[in-house]
Amino acid sequence: MLILSLPHAELGPRPGYLTDLLPEGDLKQQLSACLQQPAKRHPFSIGHRGAPLQFPEHSKASYLAAIRMGAGIVECDVTFTADKQLVCRHAQCDLHQTTDILLRPELAAKCSTPFTPASDGQTASAKCCTSDISLAEYKSLCAKMDGVNLQADNLTDYLNGSPDWRTTLYQQCSAPLSHQESIALFQQHGVMMTPELKAPEVAMPYEGDYSQQDYAQQLINDYKAAGVKPSEVWPQSFQLADIRYWLKHEPEFAKQAVFLDDRVDAEHYDPAHPEQLSPSFSELKAEGLNIIAPPLWVLVSVENGKLVPSAYAKAARAAGLQLITWSLERSGPLAAGGGWYYQSISSITSDDSMTLQLLDVLAQQVGVIGVFSDWPATTTFYANCML
């Protein structure tokens, strides 16, 4: 793994807060001893959409926060506009909940589905896509904290729907970025890059001539045009066809391609029998895949009241695959069991200290090479102390 320049990281109070919550024991003692030590950027720490626990995701402010907190790799989820330009956005059709597009009448009029308030038992709705507008129009927007209020009977309340554990203090018109702008920003600050090719929400080929393969190639071409080395890029996709395209047509960039494995969401998946997944881990490795990335809960389980690596984790490693996982600190307070990301360990998840306990097992026992986090200071702190 390439490690670029390692400047000082600004960790703030959260790592100490989480460490103080840990039960007494070796982990607490080890991490407590590191709290006063300076930290540096680390590639184990991956900024998930930047630092969206407090900053609007995929905005310049969010990216800069992640970089300052020592993320060695930062993510731009990639989708495209009406004029086929690539931009950083978690989903092609999330502008209504991640930007102020509905407050711009001339742009709101272009949304696929206009805002409709909640009424007569029907929830509020809207659908605004990057493919509804041009790149220039996209760049005129302001990013906001993700979330809408589906019970709202007016637009103001609808847009005020972010979870109460995320602050809106830092969303004063933070600029959303194009893919090329994200590359320039990351180059400027010397961090590696992990673009995710998002599944289109429009029919492909788009407008008859822009195919999925064109889209996948355009993503790589942006790095080539900017002079970015393949070793500094970790292209991702949930679509195995995209990974296979890169393996065939861009083998150097595909060496660090990350298959985001959501097959575990299927109703038939048995956590005790990952060998039932198809293609198997050994088949994926034989195709040339080196890195697979399931969500947090898939890599751990509980035995005798303790966190342990899951059958999935053991089988993937046995097949020669490296592991990355997502996404730490996206679940809010963990007192109620942690929700979706902690579903395999909810029985022992009772407070926020599980953030560091989980991270420790992932690093030391599962052997992950990187963790996506909504607050990269936590993963940076852990990596500097324990890796």
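User: Which residues of helix H3 (residues 60-68) are buried?

Analyst: They are Ser62, Tyr63, Leu64, Ala65, Ala66 and Ile67. "Buried" means under 20% relative accessible area, with over 50% being exposed and anything in between partly exposed (1.4 Å probe, protein chains only). As for "helix", helices (H or I, at least four residues) and strands (E, at least two) are DSSP runs, numbered from the N terminus.

User: What am I looking at here, a predicted model or something else?

Analyst: It's a predicted model, where local features need pLDDT of at least 70, side-chain atom pairs count only at pLDDT 80 or more, and totals for chains, interfaces and linings use all residues. Residues are numbered from 1 along each chain as its sequence is written, and side-chain values use heavy atoms, leaving out hydrogens and water.

User: What do the buried residues of H3 pack against?

Analyst: Strand E3 (42-47), E4, strand E5 (86-88) and helix H8 (179-189) are their partners. Contact here means heavy atoms within 4.5 Å. Just after H3 comes glycine 70, with a positive phi of about 90°.

User: Why is the pair of phenylalanine 80 and tyrosine 206 called tilted?

Analyst: Start with the search of the whole structure, which finds 14 aromatic pairs. Rings of Phe, Tyr and Trp (its six-membered ring) pair if their centres lie within 6.5 Å; planes under 30 degrees apart are stacked, over 60 edge-to-face, and the rest tilted. The centres of these two rings are 5.2 Å apart and the planes meet at 50°, so the pair counts as tilted.

User: What makes that pair a tie between parts of the chain?

Analyst: Look at where each one sits: phenylalanine 80 is in strand E4 (residues 71-80), while tyrosine 206 is in the loop between strand E8 (192-197) and helix H9 (212-225), so the pair ties together parts that are 126 residues apart in sequence. Both phenylalanine 80 and tyrosine 206 are buried.

User: Why is the pair of phenylalanine 80 and tyrosine 210 called edge-to-face, then?

Analyst: Here the planes are at 75° and the ring centres 5.1 Å apart, so this one is edge-to-face. Tyrosine 210 lies in the loop between E8 and H9 and phenylalanine 80 in E4, so parts 130 residues apart in sequence are tied together. Both phenylalanine 80 and tyrosine 210 are buried. There's an aromatic cluster to look up as well, formed by Phe238, Trp297, Trp326, Trp340 and Tyr341.

User: How do you know that glutamate 329 counts as buried?

Analyst: Its relative accessibility is 6%, so glutamate 329 falls under the buried cut-off. You'll find glutamate 329 in the loop between strand E14 (322-328) and helix H14 (354-366).

User: What makes a polar contact with the side chain of glutamate 329?

Analyst: The side chain of arginine 14 does, at 2.4 Å, and a 2.9 Å polar contact joins the side chains of glutamate 329 and threonine 378. The term needs a pair of N or O atoms within 3.5 Å; within protein, one must be able to donate a hydrogen and the other to accept it, and residues adjacent in sequence count only if both atoms are side-chain atoms. Leaving aside neighbours within four places in sequence, the residues in contact with glutamate 329 include Leu18, Leu53 and Trp375.

User: Why is cysteine 173 called partly exposed?

Analyst: Cysteine 173 has 47% relative accessibility, so it lands in the partly exposed range. Cysteine 173 also has a positive phi of about 50° although it is not a glycine, and it lies in the loop between helix H7 (155-159) and H8. Lysine 84, in the loop between E4 and E5, has a positive phi too, near 65°.

User: How do you know that isoleucine 369 is buried?

Analyst: The relative accessible area of isoleucine 369 is 19%, so it is buried. Isoleucine 369 sits in the loop between H14 and strand E15 (370-373). Its C-alpha atom is 8.7 Å from that of threonine 325, and the two residues are 44 residues apart along the chain.

User: Where is there a cis peptide bond with omega of about 0°?

Analyst: That bond joins methionine 204 and proline 205, and proline 205 is in the loop between E8 and H9. Another cis peptide bond, with omega about -10°, joins tryptophan 326 and serine 327; serine 327 lies in strand E14.
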